[in-house]
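Please consult the sequence and the model alongside the text.

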Amino acid sequence: MIHTAGPQLLASLLIGLGLYGILARRNAVLMLVGAELVLAGGGLLLVTAGAVGRDPSWSGQVLTLFVITIAAAEVVVALAVIVAAYRRRGHIDLSGDAG
Amino acid sequence: MTGLDLAFAATGLITAAAAALAVTTRQVVHSALWLVVALLGLAGCYLVLGAELVALVQLLVYVGAVVVLIIVALMLTRAPIGPRAEHSTGRAHRVLAGCVGAGTGGLVAAVLLPTATRAQVRPAGSEELARQIFSTWVWPFELLSLLLLAALVGAFAVSGLTTADTSGEDAR
């Protein structure tokens, strides 16, 4: 038996922290760290729903696997864009002017 | 308060503390390393919730691949080692970001917490999960492989475009 308040509280905490990381960071790679935390919160919610509900298709865990995979694809493209921007501008400061 | 509750509280506290440090530390590289700890803690949470395969995939894909990618990108973009004042935002900016983050997190918690119940955790069944992936979810699964291919080709295309551009700029 588990009380679902714990996982739900942790998921909302991760989402809030991730949003803070996205908004408060100037380094573009560190902004991605915040985005990963938001995705982690979403995955935790899905797993929690799948663990305590009884869905016959196991959608909670399967969708979390899909989210992890899509997050990997997103990170690859985002890092390619960031490295390209660094080569062109010489910095990845989000508050700097686009050169 | 059952054993599962205690186990989840332990892993959840590790995850939350590491996530908070990852978004607040002033040292760029430490942020990526704290992200590793947060994702490891999250894998522990998945294990407590009975999702063995998801925890393993989290370990392999996130801790093994994504974080390494992030660290390599930090190296490629010459991230400063050590605390740097010029890389952090102003106090007003941080307070505003904190307000937005706390507001959104609070909103999600306010929606979710009324639905919280004490429930039985479904026992882990990787065989049944595998059967579901390759029967019910087989088409999304195949589409996902296409998406990964597209992301890889897209990443190559983006880096190729800019090298062509910058070589043109160098020649100029």
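Which residues line the second largest cavity? They are A:Gln61, B:Gly50, B:Ala51, B:Glu52, B:Leu53, B:Ala124, B:Gly125, B:Ser126 and B:Leu129. The model is predicted, with local features needing pLDDT of at least 70 and side-chain atom pairs counting only at pLDDT 80 or more, while totals for chains, interfaces and linings use all residues. Residues are numbered from 1 along each chain as its sequence is written, chains are lettered from A and ligands numbered from 1 in the order in which they are written, and side-chain values use heavy atoms, leaving out hydrogens and water.

**Terms**
- On a 1 Å grid over the protein atoms alone, a cavity is a set of points where a 1.4 Å probe fits but cannot get out; a pocket is an open set with protein on both sides within 12 Å along at least five of seven lines; and lining residues have an atom within 4 Å of a point.
- Points are joined across faces, edges and corners, and a volume is the space filled by probe spheres set on them.
- Helices (H or I, at least four residues) and strands (E, at least two) are DSSP runs numbered from the N terminus.
- Ala, Val, Leu, Ile, Met, Phe, Trp, Tyr, Cys and Pro count as nonpolar, Asp, Glu, Lys and Arg as charged, and the others, Gly among them, as polar.

**Second largest cavity**
- This cavity holds about 30 Å³ of space, and its lining has 4 nonpolar, 4 polar and 1 charged residues.
- In chain B, H3 and helix H5 (126-133) each supply at least two of the lining residues.
- Chain B is divided into domain 1 (1-81) and domain 2 (125-158), with bounds from an automatic or database domain assignment.
- Because both domains of chain B give residues to the lining, the second largest cavity lies between them.

**Largest cavity**
- The whole structure contains 2 cavities of 30 Å³ or more, and the largest has a volume of about 40 Å³.
- Its lining includes A:Leu39, A:Thr64, B:Tyr46 and B:Tyr62.
- The lining comprises 6 nonpolar, 3 polar and no charged residues.

**Largest pocket**
- The largest pocket has a volume of about 250 Å³.
- Of its 15 lining residues, A:Gly6, A:Pro7, A:Leu9, B:Phe8 and B:Ala9 lie nearest the centre.
- H1(B) gives the most to this lining, with 6 residues.
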